[in-house]
Amino acid sequence: MRLLIVGTLKGQLTTATKIAMENGATVTHAEDHEQAMRVLRGGKGADLLLVDVALDIRDLVMRLEAEHIHAPIVACGITNDARAAVAAIHAGAKEYIPLPPDPELIAAVLAAVANDSRELVYRDEAMARVIKLAQQIAGSDASVMITGESGTGKEVLARYVHTRSARAKRPFISINCAAIPEHLLESELFGHEKGAFTGAVARRIGKFEEATGGTLLLDEISEMDVRLQSKLLRAIQERVIDRVGGTKPVAVDIRIIATSNRNLAEAVREGTFREDLLFRLNVVNLKIPPLRERPADILELAQHFVKKYAEANGVPLRPISAEARRVLSSNRWQGNVRELENTMHRAVLMAQGDEIGPDAIITPDGDRLDLAKTAPAVAHATMAAEQVTRALVGRTVADVERDLILETLKHCLGNRTHAANILGISIRTLRNKLNEYADGGIPIPPAGTPGEYPRVPIGA
């Protein structure tokens, strides 16, 4: 966890620094926005910015956005002024902390931002075999490929490998290759020099240099452009990178972990992924089974999430009833651990009485999970499918494809990655289609993140 404290409240921020370091954070200080930006560009990076509320937080947010630097801001001040707190939140801060800081509150903020509370919980033998292999190779510097369906916990396993390696005390840097536009990903990975392109107002250190000495996670690497894959291959093989617009190579010392929810061997055959890069990354393959193939983990994880969200929401910790356990065990969990987590969060909030019963095990729409798939529902779905099939007659393939893509995107509440997974296409193909539709004047659902549980304020 890397904390950047921005401001001049010397005494109070020193207290915050001490608390943060006691909770395992690495702390850097900056007196103002300019110094903070120099720190962030210089490769030290930050997982969280703790900013004096007296500073112009909106200006800092705009500076970060302009240079595509992603780090949450928590404002702090010496008074518990509600108006100052609201203004800070409106300016872009995620939370407001009154000073002097409460040790438990600071610890909760660090834990929430670092997201290190995502424990590796398992009981099933299928998952135990994966963990055993992860433990065996964690101490090496071998590149690791983690594969599995969306929601199985690939990033959690990547952090597990890092924390058991010799690099555990060094940075763990993660970058989602599917979430960053193609023309910006190279700069995010390798950094850039001032003036390298429009908007490059100063030298910026990329993720490779930020992760030096530690681990770099390339999440959803299958979505990386083939041209950039060749530069990545060179960086991995030669342990040097070239900043965009740079004139000399920069040495790096990192361990690479990559994840993918796609079949990369098939991507190689399709020409969308380099075979030599796959060989270089796939020294060890940790393949996480879908949750439906490790049934013993379902109730173990369910209990874990009940405890987690009961504490987070300040509600009583209720046991899961026998009938509810049956419902959980019989579900297919197409969304894997992520779907189960969201379901149990809803159950914690909806449960009444002394136990979490089947009435609390519901879908996002509010239907009981076990009743949503009964025979009448199946019959209704079949009838609807027949009607849809008849409606296709006389339409062009392009029109049908367009409607399918847009309806899937609406179903996913605008989340491009989830929609692409459902459609069985790459995120790049989906974006190209959406750009084509937008150019034709067709409204496109705005980006979103479906299926997530309601936000809990940091420190709650």
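**Close-up 1. Helix H8 (residues 182-190) is mostly covered.** Seven of the nine H8 residues are buried, meaning under 20% relative accessible area with a 1.4 Å probe and protein chains only. Those buried residues are Leu184, Leu185, Glu186, Ser187, Glu188, Leu189 and Phe190. They pack against strand S7 (172-176), helix H9 (207-210), strand S8 (215-219), helix H10 (226-238) and strand S9 (240-241). Helices (H or I, at least four residues) and strands (E, at least two) are DSSP runs, numbered from the N terminus.

This is a predicted model, so local features need pLDDT of at least 70 and side-chain atom pairs count only at pLDDT 80 or more, while totals for chains, interfaces and linings use all residues. Residues are numbered from 1 along each chain as its sequence is written, and side-chain values use heavy atoms, leaving out hydrogens and water.

**Close-up 2. Helix H17 (residues 397-411) packs on helix H18 (residues 416-423).** Their axes (lines fitted to C-alpha atoms over the stretch in contact, with angles from 0 to 180 degrees between N-to-C directions) sit 9 Å apart at an angle of about 130 degrees. H17 and H18 are therefore oblique to each other; angles under 35 degrees count as roughly parallel, over 145 as roughly antiparallel, 65 to 115 as roughly perpendicular and the rest as oblique.

**Close-up 3. Who touches whom between H17 and H18****.** H17 brings Leu404, Ile405, Thr408, Leu409 and His411, and H18 answers with Arg416, Ala419, Ile422 and Leu423. Contact here means heavy atoms within 4.5 Å.

How values were computed. Buried < 20%, exposed > 50% of the residue type's maximum accessible area, 1.4 Å probe, protein only.
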